[in-house]
Amino acid sequence: MGNERDEGIESDEVGIDSHKEEGGIESDGMGNEGEEGYRAHCSFARTEPDSEKNNNNQVFELVKFCESLCFSVAMEHAELTTEQVLKRDIPWETYMTTKLISGTGLQLLRRYDNRSESQRAQLLDDDGPAYVRVFVSILRDIFKEETVEYVLALMDEMLTANPKRARLFHDQSVLNEDTYEPFLSNWFVQEKSCKILALIVSARPKTQDNIVSNGEASHSKEKFTTLDDVLKGLVEWLCSQLKKPSHPSRGIPVAVNCLAALLKEPLVRSSFVQVDGVKLLIPLISPASTQQSIQLLYETCLCIWLLSFYEPAIEYLATSRALPRLIEVVKSSTKEKVVRVVVLTLRNLLPKGAFAAQMIDLGLLQIVQSLKAQAWSDEDLLDTLNQLEQGLKDNIKRLSSFDKYKQEVLLGHLDWSAMHKDPLFWRDNITSFEENDFQILRVLITVLDTSNDPRALSVACFDLSQFIQYHPAGRIIVTDLKAKERVMKLMNHENAEVTKNSLLCIQRLFLEPPPIGSLKLNTDASIHPDAYIIGVGAVIRDNCGSIIVATSKPLKGVFSTEMGEFLDLHEGLLLAKQHNLIVHLVEVDVSIVASALNSSLSNLGDACYVILDIKALFEEVGVVSCYAIPHNGNRLIKISPPWLTPMLRSLFG
């Protein structure tokens with residue numbers, strides 16, 4: 001079981017132990033809600049006529065006696081076992097005479113009835129689909145309770161002995177049969193029907209060309225029971241048994257047993273989560289001692305393992321007491337199959353959300369190391385324990401480094417320690433910044449408002465820019481936390497280091513990165529109306545927002561805004577050519593410039609020669625797209641003071 005994959009869990013691979021162990025869980029009881037439900041069902045004629053109120057005591061005594069008798073009979077019936085039912089003598093010849101079964105069916109039943117297990121196994125190997133057709137037809141056409149129970153007991157015995165026989169219900173020869181509907185009634189019928197249905201559904205073949213099931217091959221207009229109907233009904237009934245079992249001792253075990261077979265079905269998982277079924281399993285995760293309770297615990301943990309492949313279920317498990325209960329079970333259990341399924345579940349949950357931190361806090365590493373020292377017959381279990389141990393150790397290292405960072409931020413001791421610029425730290429810990437409603441980010445933003453220490457301001461700006469770069473929704477989150485305005489105020493700070501990192505943060509906040517594997521060129525020019533000089537700057541970045549190369553310089557002369565932008569772009573393209581870079585995207589902030597560069601017209605005015613040079617450079621450096629964005633969006637170079645060069649030198653120099 002150690003190597004199961006969620007997508008391919010076959011019923012025989014799941015490893016659900018049959019209920020054959022001593023004191024095993026036999027199914028059954030009454031179809032109503034125990035004694036109270038049955039008494040309510042039998043409470044007929046309880047209304048007392050006003051006119052004869054004092055004359056009917058004897059009648060009511062008789063009614064009460066009848067109720068008691070009915071309940072006693074029902075409880076006896078509730079305790080039926082498969083062995084008891086199979087001792088019945090069923091009048092098959094009478095059913096053939098009344099044409100409820102065919103002559104062929106009678107012959108098959110005579111051959112099968114009252115035979116040993118080995119003889120029946122041989123008959124099923126030789127003619128299994130024929131027996132399936134006979135059993136299903138009896139359940140469909142005969143309504144005598146004793147006979148229905150007898151056939152269900154035969155089928156339960158057949159499938160318990162070999163669950164793979166459930167595949168017989170999907171044989172080509174029975175595709176025209178509605179194999180689900182006859183199972184959809186005292187407790188014995190409910191239990192056996194539920195168990196058999198669960199096995200049949202879990203054994204159905206994967207959808208392939210020309211392979212259909214449950215009557216889908218038939219051209220008849222008769223409406224067959226769909227798989228969705230079956231699964232929905234099963235999930236609802238199973239959850240009702242977990243909430244309020246119809247049988248006091250067998251209701252919950254039967255429900256959990258069936259769920260363990262069905263929860264590999266995506267539709268069952270989603271339906272089970274939607275009806276809040278996960279919370280019904282959590283109380284069942286507790287250390288067990290008796291054989292019956294160990295089997296129930298194993299199958300409950302198996303259900304949790306199957307749910308650990310389904311994200312909505314994981315979200316619920318994260319907010320419940322599931323993890324502490326699982327750890328308590330694995331700590332105290334001596335049953336290998338229970339330990340194995342819990343360890344597999346913990347391995348699945350380890351990389352999800354905050355589970356790793358909780359596991360470490362609950363001392364799981366020490367428990368795993370203790371389990372490794374024990375003798376296990378399953379080699380896969382030891383491999384899984386090794387994987388879980390290594391994962392926990394890795395998380396301890398990761399969490400330790402983040403804890404140090406967190407302490408540094410919360411105490412206000414921001415400094416240029418190695419973790420701030422370590423890409424691995426940010427990749428491994430980025431989700432930890434989401435804890436406590438982004439507490440760390442909020443503290444960093446508060447530092448921008450309250451600190452007078454240039455180093456703390458620089459580090460805070462840089463860390464915010466790192467969060468924007470590494471978190472998938474970083475730009476949106478930082479914007480929602482109102483950090484943009486605070487960072488922009490620092491762009492004119494007297495300290496060059498603060499200015500540099502605030503500008504870097506604004507760059508990542510405003511500019512969308514290019515696609516993976518691409519480079520983008522951003523340019524902008526600063527023109528002062530009273531000076532005979534302009535400042536031009538360009539930067540080339542990758543898809544992570546990292547700066548590959550940048551430049552800034554003054555150009556002497558009097559230029560229009562458009563000409564200044566053309567000259568600025570020309571410098572940026574020369575920079576790409578100089579460094580042998582392939583730049584796919586060019587972003588400018590003047591729409592006239594972008595339009596001229598995308599135009600095929602030859603008469604482009606005074607800027608004609610510059611534009612032709614730019615287009616030639618486009619081909620040389622591989623530009624495939626040049627577009628304009630709003631002026632306030634391209635803030636990489638444009639800042640408040642008119643003279644850009646000192647600022648750009650502090651940023652790139």
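C461 is buried, at 0% relative accessibility. Buried here means under 20% relative accessible area, exposed means over 50%, and partly exposed lies in between (1.4 Å probe, protein chains only). C461 is in no disulfide. The nearest cysteine sulfur belongs to C505 and is 5.8 Å away. A disulfide is a pair of cysteine sulfur atoms within 2.5 Å. C303 is also buried, with a relative accessible area of 0%. Over the whole structure, the search finds 0 disulfides.

This is a predicted model, in which local features need pLDDT of at least 70, side-chain atom pairs count only at pLDDT 80 or more, and totals for chains, interfaces and linings use all residues. Residues are numbered from 1 along each chain as its sequence is written, and side-chain values use heavy atoms, with hydrogens and water left out.

How far does confidence carry? pLDDT is the predictor's confidence in each residue, from 0 to 100. The protein chain has a mean pLDDT of 77, and 74% of its residues reach 70 or more. Confidence is highest in helix α17 (residues 336-349), at a mean of 96. It is lowest in helix α2 (residues 34-42), at a mean of 34. Helices (H or I, at least four residues) and strands (E, at least two) are DSSP runs, numbered from the N terminus. Residues 1-78 have pLDDT below 50. Beyond near neighbours in sequence, that stretch still has 133 contacts in the model. A contact means heavy atoms within 4.5 Å. Residues 631-653 also stay under 50. For residues 631-653 the model has 61 contacts beyond four places in sequence. Where pLDDT is low, the predicted coordinates should not be read in detail.

Now to helix packing. Helix α6 (residues 103-112) packs on helix α7 (residues 117-141) at an angle of about 130°. Their axes are 10 Å apart. Axes are lines fitted to C-alpha atoms, for helices over the stretch in contact, and angles run from 0 to 180 degrees between N-to-C directions. α6 and α7 are therefore oblique to each other. Angles under 35 degrees count as roughly parallel, over 145 as roughly antiparallel, 65 to 115 as roughly perpendicular, and the rest as oblique. The crossing of α6 and α7 is left-handed. That term applies if the near helix is turned anticlockwise from the far one by less than a right angle; clockwise makes a crossing right-handed. From α6, the residues in contact are G105, L108, L109, R111 and Y112. They meet a set in α7 including L123, L124, Y131, V134 and F135.

Helix α8 (residues 145-161) holds L152. L152 counts as buried, at 1% relative accessibility. Its C-alpha atom is separated by 8.2 Å from that of L139, 13 residues apart along the chain.

The crossing of α27 and α28 is right-handed. E562, E565, F566 and L569 are the α27 residues in contact. Facing them in α28 are I592, V593, A596 and L597.

Backbone angles come next. Most residues other than glycine have a negative phi. K99 has a positive phi, near 65°. K99 lies in the loop between α5 (92-97) and α6. With 74% relative accessibility, K99 counts as exposed. N436 also has a positive phi, near 55°. N436 has its place in helix α22 (residues 435-450). N436 is exposed, with a relative accessible area of 54%.

Two more residues complete the tour. M491 lies in the loop between α25 (483-489) and α26 (496-510). Is M491 buried or exposed? M491 counts as buried, at 4% relative accessibility. M491 and N501 are 10 residues apart in sequence and 8.5 Å apart in space, C-alpha to C-alpha. I547 is in strand β3 (residues 547-556). I547 is partly exposed, with a relative accessible area of 32%. I547 and K520 are 27 residues apart in sequence, and their C-alpha atoms are 9.9 Å apart.
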